Amino acid sequence: MLTSVLRGLAAASLAALPLTIPAPAHAAETLPLAEAITRLPVAVESRDGYDRDAFRHWNTGDNPSDNCNTRAEVLLAEAVEPPTVGPGCRLSGGRWWSYYDQLWVTAASGLDIDHMVPLAESWDSGASAWTAQRREAYANDQGAEASLVAVTARSNRSKSDQDPAQWLPPAAGVHCRYVAEWVATKLRWTLTADETEVAVLRETAAGCPDQSVTYEPVA
């Protein structure tokens, strides 16, 4: 509940900022997971020319006046018990739930902010053709709750730049949620998926009959 409220407040402030994610092109849509997967454009992936520095992050976030970058804003939004914010947006205390591995974390330094669809994977799937501004918007996207997620550093680094055909969270009970958020992020940003990836998404979705996907495309 707290995460949803804070995310909503952050999203409401976007219109007043000079550099944010692009304005949504369409209203949010909710679909069964299996149907959402059919909407993914299927294409061969290529990592030619990839450079992580092509995605500027972390920038000044959704609220530049708070002196917190995107990483810190996500940590504040996802905290189950809010940390204390000191000078320069230094965070102390607080508590977070890392859903990938079902662990509590009590220090911001123990968390990574995971790009649900990793930067390298987004490059493979269409971001190579984007402008630098759009790649920055993607890398700092707080307009959708699933785009950036605070998780243990260990789980994030285990995932690295792998797609669901290569990696799923160690907690099997969250696979339905994870795949739904992966698909939502790709649909939000009109990213493609390769055939192997789609096959695993479909296989996972078969065990998630009640899972839905909600996404709001960006222009």
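In which loop does E45 lie?

Modeller: This is a predicted model, in which local features need pLDDT of at least 70 and side-chain atom pairs count only at pLDDT 80 or more, while totals for chains, interfaces and linings use all residues. Residues are numbered from 1 along each chain as its sequence is written, and side-chain values use heavy atoms, with hydrogens and water left out.

E45 lies in the loop between α2 (33-38) and α3 (70-78); helices (H or I, at least four residues) and strands (E, at least two) are DSSP runs, numbered from the N terminus. E45 counts as partly exposed because its relative accessibility is 21%; buried means under 20% relative accessible area, exposed over 50%, and partly exposed in between, with a 1.4 Å probe and protein chains only. Leaving aside residues up to four places away in sequence, E45 touches E121, D124, S125, K186, A193, D194 and E197, a contact being heavy atoms within 4.5 Å. Of these, S125 is 80 residues from E45 along the chain, yet their C-alpha atoms are separated by 5.9 Å.

Next comes helix α5. Helix α5 (residues 132-139) is mostly covered, with six of its eight residues buried: R134, R135, E136, A137, Y138 and A139. These buried residues pack against β6 (111-115), α4 (119-124), β7 (148-152) and α7 (175-188).

The aromatic side chains can be taken next. Rings of Phe, Tyr and Trp (its six-membered ring) pair if their centres lie within 6.5 Å; planes under 30 degrees apart count as stacked, over 60 as edge-to-face and the rest as tilted. The count by this rule comes to 13 aromatic pairs. The pair Y99 and Y100 is edge-to-face, because the ring centres are 5.0 Å apart and the planes stand at 80 degrees. Y138 and W189 are also edge-to-face, because their ring centres are 5.3 Å apart and their planes at 85 degrees. Y138 lies in helix α5 and W189 in the loop between α7 and α8 (195-205), so this pair ties together parts that are 51 residues apart in sequence.

R134 lies over the face of W130, 4.9 Å from the ring centre. The charged end of R177 sits over the ring of Y99, 3.5 Å from its centre.

Technical notes
A charge sits over a ring if NZ of Lys or CZ of Arg is within 6 Å of the ring centre and within 35 degrees of the ring normal.
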